Amino acid sequence: MMALPLALALAGCSDKTHKVIRVQSGSGETAQVLPGFKNGGQQEAMMPKATAFRMTGDYADHVAVTIGNDGRIAYYPAPTDLTANSAPLEIGDGWWLNRQGLGPNSVFTKWTFAEYRALKKAPTQEEIKAAVIPGARVSDFRRLDMTPSEAARNPHALLPRLAD
């Protein structure tokens, strides 16, 4: 078997500045030390940051995929990955709060969120490429100085942070 199932188990917190993550596999256990833990195991602020984007048209209800530099699909969601909360939230002035995992190289497909969630299985790379709307892409992408949940609480307040 090429791929062995992995089970993650967090090791107990310590007063050191690192946390040990134990990865269990069929052939044994390995440990990976992660920075960002100190003061009796309290985690430092290392949360993911929210992102916002603009697009070349009105594609807010369309599923996005990301194309790699090699032209292959680098990211696409499984139909079961998307929920009603996956659609972006409008900020204003053409900006949208990213809730799907888009990046600067993302493009939009013909599938709406409802249509994509109804698919019985994830489409193939060829089907995805055929579903890309010509010219429908992310045109501007910004990382914000807050977590996604903080940004989602009041997306309209983000507009001043996105001013050029």
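Predicted model: local features only at pLDDT ≥ 70, side-chain atom pairs only at ≥ 80, totals over all residues.
The chain has 164 residues, of which 35% count as buried. Its secondary structure consists of 4 helices and 12 strands. Among contacts between residues at least 6 apart in sequence, 62% join residues at least 24 apart.

A search of the whole structure finds 3 salt bridges. One of them joins R54 to D93, with 3.2 Å between the closest N and O atoms. This pair links distant parts of the chain, 39 residues apart: R54 belongs to strand 6 (residues 51-55), and D93 sits in the loop between strand 9 and strand 10. R54 counts as partly exposed because its relative accessibility is 21%, and the cut-off for buried is under 20%. D93 is exposed, at 58%.

Most residues other than glycine have a negative phi. The loop that holds D93 runs between strand 9 (89-92) and strand 10 (95-97).

Another salt bridge pairs R161 with D145, the closest N and O atoms lying 2.4 Å apart. Here too the pair links distant parts of the chain, 16 residues apart: R161 is in helix 4 (residues 159-162), while D145 is in the loop between strand 12 (132-143) and helix 3 (148-153). R161 is partly exposed, with a relative accessible area of 46%, and D145 is exposed, with 57%.

D140 and R142 form a further salt bridge, with closest N and O atoms 3.5 Å apart. R142 is partly exposed, at 24% relative accessible area.

Note on methods:
Residues numbered from 1 in each chain as written. Heavy atoms only, no water. Helix = DSSP H or I, 4+ residues; strand = E, 2+ residues; numbered from the N terminus. Buried < 20%, exposed > 50% of the residue type's maximum accessible area, 1.4 Å probe, protein only. Contact = heavy atoms within 4.5 Å. Salt bridge = Lys/Arg side-chain N within 4 Å of Asp/Glu carboxyl O.
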